[in-house]
Amino acid sequence: DVTVRGLVNWTYFQRPAIAPRKRWKASMTSTANAKDASKSQSVSSVLVFGGSDGDGSTESYYNDLWRLELFYSRKNHQFDFQWKRLGGGLAPKSIGTTCDTSEQATWPCGRRAHSSALMGKYMIIFGGKGWDGKVLGDTWGWDIEKERFFQVPSSFPGEKRKGHSAVAYSDSDGDHMVVFGGRHNSKRYYNDVWQLSRKRSGKWEWKKLADNDPHADTNQAKPTPRNHHTAVYYQGDMIVYGGRSDHSLYKNHEGIWRFSLTTLTWKRVDTANKMIRPDSRMEHCSDTYFEDMIVFAGQGSNGLRRNDIWKFSLRTNQWKILEANDCHQYSEAQTATIIGISVLLLSIVLCLYRSYLNSRSGYTRIY
């Protein structure tokens with residue numbers, strides 16, 4: 001809970017008996033808030049879909065959908081919550097089957113690193129990496145009122161992707177979802193912009209808003225191709241922060257970019273000299289809070305996990321730290337590298353020591 005003054009208050013919830021399994025790269029979509037006058041409490045909910053429990057050949061993918069209902073008592077000033085499973089489960093791994101969408105499918109296949117956003121009364125799921133290892137480009141809608149999935153009747157005309165972002169907004173023409181970036185593999189990253197619209201007439205349509213530009217590093221006119229960034233919607237703009245452009249070197253980004261959904265142009269906004277700013281990162285989370293964007297956690301370019309909280313003013317374009325990082329955990333890849341180097345150094349030391357013992361009079365020359 002972040003107060004108007006920027007004070008952070010953490011509340012820990014014990015895991016209940018009915019809850020999703022642990023996972024990562026799932027999607028979370030906040031739905032509309034409501035008030036229950038009879039119980040004197042505010043009620044909001046979050047939809048959680050998919051994800052996986054690891055990052056390798058033994059990982060399990062999920063296509064289950066859960067609703068997290070959050071309750072806040074105005075009388076006691078306390079939070080409470082409950083989970084409800086809406087369908088789906090552990091994705092199958094049958095030999096000879098794939099995650100390709102068929103016209104007869106009524107539920108999206110298990111996936112991770114997809115996106116989700118709320119378009120009107122529909123939660124829209126797009127793309128990701130399927131349980132069969134293939135990158136996806138399908139689009140699904142969850143009808144919140146009828147509680148059922150359907151395939152969106154408009155095929156995505158761009159390249160399939162994972163690790164992208166999606167924001168939603170509404171105007172006089174209808175409801176829209178804007179997708180930015182992502183990657184197909186370790187060498188193919190994107191910085192194009194696409195929009196899915198549902199017109200007031202009920203027609204669904206995909207269209208491109210900005211082309212992919214792999215040379216954005218040199219012209220500085222738009223953000224570089226990336227994935228595992230975040231994006232939020234604010235007053236007609238899509239705000240993009242962070243992300244990664246190199247799978248092996250963890251080349252993360254620190255800049256904040258605005259994409260105008262009116263002029264379809266980019267502008268970097270965090271350019272003030274000597275600005276206090278967070279370290280570059282990926283796999284963090286961001287959300288809007290009044291005129292601010294709140295950023296939590298992520299993984300830095302050095303491989304360290306983070307749990308700090310920052311606030312970026314969307315009005316003044318200035319950063320402010322709300323809670324400092326006190327997490328010093330390396331990622332699995334970084335830990336493996338450190339262990340490997342340590343074993344190598346230990347082997348060299350033992351080899352030299354054995355040579356010394358054999359010579360009895362000092363080091364021998366090693367060829």
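This is a predicted model: local features need pLDDT of at least 70, side-chain atom pairs count only at pLDDT 80 or more; totals for chains, interfaces and linings use all residues.

**Exercise 1.** Identify the residue of E22 that is the bridge partner of Ile294, and describe how E21 and E22 are joined.

*Solution.* Begin with the residue pair: Ile294 has Lys311 in E22 as its bridge partner. Next, consider the strands as a whole: E21 and E22 (residues 305-313) are antiparallel and share seven bridges. Finally, inspect the connection: the two strands form a hairpin with four residues between them, and Gly303 in the turn has a positive phi of about 85°.

**Exercise 2.** Determine which other strands are joined to E21, and whether E21 is mostly covered or uncovered.

*Solution.* Take E20 (residues 285-289) to start: five bridges join E20 to E21 in antiparallel fashion, and Tyr289 is paired with Asp292. These strands form a hairpin with two residues between them, where Phe290 in the turn has a positive phi of about 55°. Then take E19 (residues 281-282): E19 is antiparallel to E21, with two bridges, and Arg281 has Gly300 as its partner. As to cover, eight of the nine residues of E21 (292-300) are buried.

**Exercise 3.** Characterise the largest nonpolar core and the surroundings of Trp204.

*Solution.* Count the members: this core has 15 residues, and those with the most contacts inside it include Trp204 and Ile124. Assign them to strands: E7, E8, E12, E13 and E14 each supply at least two residues, with E8 giving the largest share, three. Then examine Trp204: beyond four places in sequence, its contacts include Met119, Ile124, Phe150 and Leu196.

Key. Residues are numbered from 1 along each chain as its sequence is written. Side-chain values use heavy atoms; hydrogens and water are left out. A nonpolar core is a set of buried Ala, Val, Leu, Ile, Met, Phe, Trp, Tyr and Cys residues joined through side-chain atoms within 4.5 Å. Buried means under 20% relative accessible area, exposed over 50%, partly exposed in between (1.4 Å probe, protein chains only). Contact means heavy atoms within 4.5 Å. Two strands pair if DSSP finds at least two bridges between them.
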